[in-house]
Amino acid sequence: MLHDDWQTYLAAQADKPSQATPGPGQVVGLQTWAALRFSGPDARTFLQGYLTSDTADLTPDRLVPTAICNLKGRVVVNGWCCAHGANDVRLLVHRSMVPRLAGFLKPYLMFAKTEMVDESANLLIIGVQPAATETSGLLLGEQRRIILCDQMDTARQAWQQHAPIDEAAWQAGLVEEGLPLITEATAEIFLPQMLGLDAAGAVSFTKGCYLGQEIVARAQHRGAVKRRLRSLTWEGDRQLEPGEEITDSTGRSVGIVVNATNDSGRGFCLAVMQSDDAEGFQQGDTDLRSVS
């Protein structure tokens, strides 16, 4: 019902001039994101054994980058989390990952006093940038805030105070800043270091054991990670998709697309690459080059 009311509101706004003067910031509705809530007396303790970040560091006002790995240390899902009350934790992920994560954690949740609930149907996930233009909401990095709205009035207020942008523009900003987000097409393929999650502060190497921790720590300390996240760009209207293969000039596979956007004929993508070459990449018949 909340989402239906919101779409009705947006349609009405599109048909009439705005009565408000928006501030310098931008606002976006994040339809492709999902908000999960882990609740119960041992929710934080439970997640300490699965998140790559340290749940002891969670606060109710800031989103912390994190990931959940499988036994082989491959990232099942990544996103951002925060404290919610004394024991509960909220986790924001790509919407396509909710069924996989629910299935992945189900055997472990059966023996824990913790419940995972998808709150997305009852929340509007609103993004605001830059962060300085909005005093409420959860800080995401230094440039953005996320407002989780369970009432229309809160969402309307944010929408009227800022200039609306589409979700593709928001995602383009994440891609250009090198912030990846795992989707169904790229789940359980990469170590956290391959996605740059260690550099982003999503991996704690002091918190103790979590699922896949031994593999992740060994790769870190032995310097065994040969594939790394890189930014690539191209000209043209082609939209690359997560999971697509990138090749070099000889046709050899050298990378996989993680996230991609295209704005007015200029594309950007984040890809996990095993080649140090600066040029000579393709995806199909599209020529790619490194972002300097």
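# Close-up views of a predicted model

View A. The structure shown here, as in every view below, is a predicted model. Helix α3 itself runs over residues 98-109, and its buried residues are Val98, Leu101, Phe104, Leu105 and Leu109. When the helix is seen down its axis, these buried residues fall within an arc of 135°, so they line one face of α3. Pro99 and Lys106, on the other side of α3, are exposed.

**View B. The packing of helix α1 with helix α4.** Helix α1 comprises residues 2-14 and helix α4 comprises residues 152-161. The axes of α1 and α4 are 11 Å apart, and the two helices pack at an angle of about 30°. Angles under 35 degrees count as roughly parallel, and α1 and α4 are therefore roughly parallel to each other. The crossing in which α1 passes α4 is right-handed. On the side of α1, the contact involves Leu2, Asp5, Trp6, Tyr9 and Leu10; on the side of α4, it involves Met152, Ala155, Arg156, Trp159 and Gln160. Of the residues in this contact between α1 and α4, seven are nonpolar, one is polar and two are charged.

**View C. The two sides of helix α6.** Helix α6 spans residues 213-222. Its buried residues include Val216, Ala217 and Ala219. These residues cover an arc of only 160° around the axis, and they therefore lie on the same side of α6. On the other side of α6, the residues Glu214, His221 and Arg222 are exposed. Strand β3 is among the elements that cover the buried residues of α6. After α6 comes Gly223, which has a positive phi near 60°.

View D. Val175 belongs to helix α5, which runs over residues 167-176. Its relative accessible area is 2%; because buried means under 20%, Val175 counts as buried. Apart from residues up to four places away in sequence, Val175 touches Ser231, Asn259, Ala260, Thr261, Phe268, Cys269 and Leu270. The C-alpha atom of Val175 lies 10.0 Å from that of Ala271, although the two residues are 96 residues apart in sequence.

**View E. Thr186 in the loop between α5 and α6.** Thr186 is placed in the loop between α5 and α6. With a relative accessible area of 0%, Thr186 is buried. Its contacts, leaving aside neighbours within four places in sequence, are with Pro242, Gly243, Val257 and Val258.

**View F. Val272 in strand β14.** Strand β14 covers residues 266-273, and Val272 lies in this strand. Val272 has a relative accessibility of 1% and counts as buried. With neighbours within four places in sequence set aside, Val272 is in contact with Phe190, Met194, Leu195, Arg227, Arg228, Leu229, Val254, Gly255, Ile256 and Val258. Val272 and Arg145 are 127 residues apart along the chain, and their C-alpha atoms are separated by 27 Å.

View G. Most residues other than glycine have a negative phi, and most peptide bonds are trans. A cis peptide bond, with omega of about -5°, joins Gln129 and Pro130. Pro130 is located in the loop that lies between β7 (124-129) and β8 (138-140). Glu188 is not a glycine, yet its phi is positive, at about 60°. This residue, Glu188, is found in the loop between α5 and α6. Its relative accessibility is 29%, and Glu188 counts as partly exposed. Ser264, likewise a residue other than glycine, has a positive phi near 55°. The loop that holds Ser264 lies between β13 (253-263) and β14 (266-273). At a relative accessibility of 75%, Ser264 counts as exposed, because exposed means over 50%.

How values were computed
Residues numbered from 1 in each chain as written. Predicted model: local features only at pLDDT ≥ 70, side-chain atom pairs only at ≥ 80, totals over all residues. Heavy atoms only, no water. Buried < 20%, exposed > 50% of the residue type's maximum accessible area, 1.4 Å probe, protein only. Helix = DSSP H or I, 4+ residues; strand = E, 2+ residues; numbered from the N terminus. Arc of directions from axis to C-beta. Axes fitted to C-alpha atoms, helices over the stretch in contact; angles between N-to-C directions. Parallel < 35°, antiparallel > 145°, perpendicular 65-115°, else oblique. Left-handed = near helix turned anticlockwise from the far one by under 90°. Contact = heavy atoms within 4.5 Å. Nonpolar A, V, L, I, M, F, W, Y, C, P; charged D, E, K, R; others polar.
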